Amino acid sequence: MTTRKRTLANTTHEGRFEMFDQLVTRSQSVVSVTELFVSLPEHGFARAALMRVASPLARVVPTANSLTFLSGTAGSGKSLLVRQAILDALYRQPKFRFLIATAVELVELLVIADERQSLAELLERFGTLNLIVCEDLLGIEGLPLEQQMLLSLLDRSMTFGSRILVTSQKRPGELRNFSPRWVSRCHGGLCVSLSWPGLESRSQLISRLTNAKHVPLREPASEAIQWLAEHWPFSPREIVCAVSNLADYCGLHQVVLDVPLLERYHSEQALSVSPSMDTIANVVAAEFGIDSTDLRSRSRNRELIVPRQCAMFFAREFTGRPLEAIGLYFGQRTHTTVSHGLSRLKKILPHAPTISQQLQKIRNRLSENRREDCA
């Protein structure tokens, strides 16, 4: 928050709402990306609720029902369902106005506007939106001032007739480190929870994904799909990643998959030992001369920024874990924070030979650990 705040503080008076406009533009770009959407039975109620939230009849009478609370574990499909609902709304009303941002980003925006004495004008801009999506509410867990600021924004926006959609990995009753007002407001809205897909739904999802990724399956394909569904008890996001890896495997080895080959592939994957997150944190911390506990903390000390970015980079490379899981391990509040950090690291590497050399040393050490583990 501090770094972006200093950057935006240098903008002109005319650009005082630059961050707001950037978030709106980014939101539009996110929903414009073509994605495969498979409507699963477990998501039926949630999808119906989100279609109501993103209704093109956007100006509503301000009530508690203007807020919808969508909960589900990381990778359960919350963001994808939100984007699909918005796409449906845009199809019916192209001028539908919306914004998708994390709780941390919204609070950051409010802080900057308050410092520039333009908070009232910013709130009016929010009031022009048909839908405000506040993702990852847990990003402000245990932060009472930030919670109060965000709740004031959402309440004010609802008085203008905007609808509010809040997403969280926890249900309202599980928000232990939130103010009673927040918990009450969430309970007062429409609460929807996503569950992981069952066996039949996993089969359906895998079937659609293997077809879309052109994964060659020996007939009858249903046998291979059933085997995968039984041995991949993952979240939808992890299933997408696993099918992509399977498609790469088929392309590399030029094979057609059947159950015996899938069993062998599964065994190979289990035997390929990758360094753990703990190992990555320890190796990176040793290289930069810091404590691994600091690396995993939420501290914003400038000395930790690059080492933490490097650690997240190698966690992504060696473990293949979702960005949410990596962010949670390294004290980052959202997957967007992790993504932003990785992008920043890639940009500075061509101009930072010392860091590049450190990265190579870390990679060599992690590769050595992998060989030692395999031996």
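Arg-308 is part of helix α15, which spans residues 302–319; helices are DSSP runs of H or I with at least four residues, strands are runs of E with at least two, and both are numbered from the N terminus. This is a predicted model, in which local features need pLDDT of at least 70 and side-chain atom pairs count only at pLDDT 80 or more, while totals for chains, interfaces and linings use all residues. Residues are numbered from 1 along each chain as its sequence is written, and side-chain values use heavy atoms, with hydrogens and water left out.

With a relative accessible area of 7%, Arg-308 is buried (buried is under 20%, exposed over 50%, partly exposed in between, with a 1.4 Å probe and protein chains only). Beyond its neighbours within four places in sequence, Arg-308 contacts Asp-294, Leu-295, Ser-297, Arg-298, Ser-299, Phe-330 and Gln-332, a contact being heavy atoms within 4.5 Å. Val-338 is 30 residues from Arg-308 along the chain, and their C-alpha atoms are 9.7 Å apart.

Two cysteines can be described next. Cys-310 is buried at 1% relative accessible area, whereas Cys-241 is partly exposed at 34%. The structure has zero disulfides, a disulfide being a pair of cysteine sulfur atoms within 2.5 Å.

The mean pLDDT is 83, and 88% of the residues score at least 70; pLDDT is the predictor's confidence in each residue, from 0 to 100. Residues 1–14 stay under 50, with 20 contacts beyond four places in sequence in the model. Residues 371–375 are also below 50, with three contacts beyond near neighbours in sequence. Where pLDDT is low, the predicted coordinates should not be read in detail.
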